[in-house]
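Visitor: Please show me how to read this model, one feature at a time.

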Amino acid sequence: MREFILENNSGMRAVITDFGAAVKSLYVSDRSGAFIDVACGYDTESGYESGDKYFGAVIGRCANRIAGGRFSLNGREVRLTVNNGKNHLHGGENGFHKKTWETDGVVKSGFSSRITLTLLSPDGEEGYPGSLKASATYSLTNDNGLIIDYSAVSDADTIFNPTFHGYFNLSGFRQPDIRGHIMRINARHVTESGADSIPTGRVISLAAPENAALSFMDAKPVGRDIGAAHPMLKNAGGYDFNYILKKSVFNYKRPQMAAECSCPESGVKMAVYTDRPGVHFYTGNFLGGDKGKGGIVYGRQSAFCLETQSPPDAVNHPDFKSPVLKAGKAFSSRTVYMFSVE
């Protein structure tokens, strides 16, 4: 496993690996001026090879769950690897997160440092049709933005819905969990999910009183309602839901605001921008005893994810944003994680 360091003029650093195109570490300045690592990761390649939590990896071909590991495309049924109960999850057993990506290394300019990683996914891999070439470019800007640009093209119709599975604890893991983090999500609706975390096909309003515990329209501590009696929270053991983003004003050629989160103890704030239709908020409900960098043990809900993507199982729900990528058509998408101090 090779590691590459992106660094900006203020000292922020991102450590990128070619295994899984993963962000191993992300060092940002806290309120005192000290640099803290806010990302989950492993010290060694063997950790990434054996780990099942997708720490910092690019996910593909299709993020999240596909019901029954099957869908219809061009009138025929496609069957994918089933690796999450009876469902397909995050590209299968050996998805993008388990691959060694190609790269020419870090390129520096006056405004950023960047690295592009590429991967060829052959026809039939994990059941997906078409030979697909994908790339992920990480850029670290001098205003403390980590930009992820995705691109792909396939020689046959397929589905493609990548995401970044970074886990964050904005205290630098000095706080044992993220329940005290303050979260706001730019969404008025969420896709309803059942007991197996598969969407029912319904979109529910976060303005409805019965769904108040799911809402982050107004900023609140992550843990305030995490134990509420809402059936979706009970089924998932915390937040693990796709929020449908509403349009908002943006600048600096960034996509729309998806969410922002801050840690009162460290003062670190992270804002997420994306051109994807949704963001999946996950509170690390399945973490528990995972040994990471420097001997740290990541406990349950010790970190959170904000995964920008099309809705889970969208290929089986015509009303959702389709993840179908037509043969020869180029896919491109951008997500930005911006860091500052309060």
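Visitor: In what order do the 4 strands of the open sheet stand?

Guide: Strands of a sheet pair through backbone hydrogen bonds, either parallel or antiparallel. Here the order is β1-β2-β3-β4, with antiparallel pairing. Strands are DSSP runs of E, at least two residues, numbered from the N terminus. Two strands pair if DSSP finds at least two bridges between them. β1 (3-7) and β4 (35-37) are the edges; each has a single partner strand, so one side of each lacks a neighbour in the sheet.

Guide: A word on the source. This is a predicted model: local features need pLDDT of at least 70, side-chain atom pairs count only at pLDDT 80 or more, and totals for chains, interfaces and linings use all residues. Residues are numbered from 1 along each chain as its sequence is written, and side-chain values use heavy atoms, leaving out hydrogens and water.

Visitor: How many bridges join β2 to β3?

Guide: There are 4, between residues 13-17 and residues 23-29. Arg13 has Tyr27 of β3 as its bridge partner.

Visitor: Which residues touch the most other members of the largest nonpolar core?

Guide: In soluble globular proteins, nonpolar side chains tend to be buried together. A nonpolar core is a set of buried Ala, Val, Leu, Ile, Met, Phe, Trp, Tyr and Cys residues joined through side-chain atoms within 4.5 Å. Buried means under 20% relative accessible area, exposed over 50%, partly exposed in between (1.4 Å probe, protein chains only). In this core of 65 residues, they are Leu26, Tyr138, Tyr243 and Phe339. Strand β12 (residues 132-141) gives the largest share, 5 residues.

Visitor: Is Ser340 buried or partly exposed?

Guide: Ser340 is partly exposed, at 37% relative accessible area. Ser340 lies in strand β28 (residues 331-341).
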